[in-house]
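Here are a few notes on the charged pairs, jotted down as I went through the model. Have the coordinates open while you read.

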Amino acid sequence: MQIRISWPAGHITATLDAGTPTSQALAKALPLASTASTWGEEVYFDTGIAVSRETDARQVVEPGTVVFWTDGDALALPYGPTPISRGSECRLASPCNVLGSVDGDAGLLATVRDGDPIRVELIEE
C-alpha cells in the first residue's frame with residue numbers, strides 16, 4: 001500500500017504494510033488533511049483515528065520509518081534525532097506502531113515547517 005504525503009514545500013511517498021490493523025484503519029481514513037508539528041528531526045500530525053498499540057511497537061526506529069503514535073493518534077515521520085535521542089538514533093516519544101517506510105530520501109521532511117498544512121492520500125494501484 002502506497003501513500004502520498006504533501007505539504008507546501010514538497011511531497012514524499014511511503015510504502016506501508018497493508019496487513020497491520022493500524023495501516024487498515026489509516027487507509028479507511030484517507031484522504032486526510034492535518035497540521036504538521038515538528039519535534040527535533042521528526043514530523044507528526046493528528047490523523048483523527050485512534051488505534052491500540054500493537055505488540056511489535058518500537059520506540060527506536062530507522063530514519064524514514066513511518067509510525068503511528070498511539071498516545072497522540074498521530075502519524076509520525078522521523079528522519080533524524082529527536083530531543084530524547086541518544087546519539088544519531090530516531091527515538092520516538094513512546095513506542096509506536098511501525099507501518100512502513102518512506103520511499104527515497106526521508107531528509108526531504110526537513111522542509112516541513114511547524115504549522116504547515118499536510119495532506120495524506122492513498123496512491124491507487
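The points below go through the salt bridges one by one.

1. Some housekeeping before the details. This is a predicted model, in which local features need pLDDT of at least 70 and side-chain atom pairs count only at pLDDT 80 or more, while totals for chains, interfaces and linings use all residues. Residues are numbered from 1 along each chain as its sequence is written, and side-chain values use heavy atoms, with hydrogens and water left out.

2. How many salt bridges does the structure hold? There are three, taking a salt bridge as a side-chain nitrogen of Lys or Arg within 4 Å of a carboxyl oxygen of Asp or Glu.

3. Take Arg 53 and Asp 71, whose side chains form a salt bridge at 3.3 Å, N to O. Arg 53 sits in the loop between strand S5 (42–46) and strand S6 (58–61), and Asp 71 in the loop between strand S7 (65–69) and strand S8 (74–78), so the pair ties together parts 18 residues apart in sequence. (Strands are DSSP runs of E, at least two residues, numbered from the N terminus.)

4. On accessibility, buried means under 20% relative accessible area, exposed over 50% and partly exposed in between, with a 1.4 Å probe and protein chains only. Asp 71 is exposed at 52%, whereas Arg 53 is partly exposed at 42%.

5. Glu 89 pairs with Arg 91, with 2.6 Å between the closest N and O atoms. Arg 91 is buried, at 14% relative accessibility.

6. Finally, Arg 119 and Glu 121 make a salt bridge at 3.4 Å, N to O. Arg 119 is partly exposed at 38%, and Glu 121 is partly exposed at 24%.

Technical notes
Helix = DSSP H or I, 4+ residues; strand = E, 2+ residues; numbered from the N terminus.
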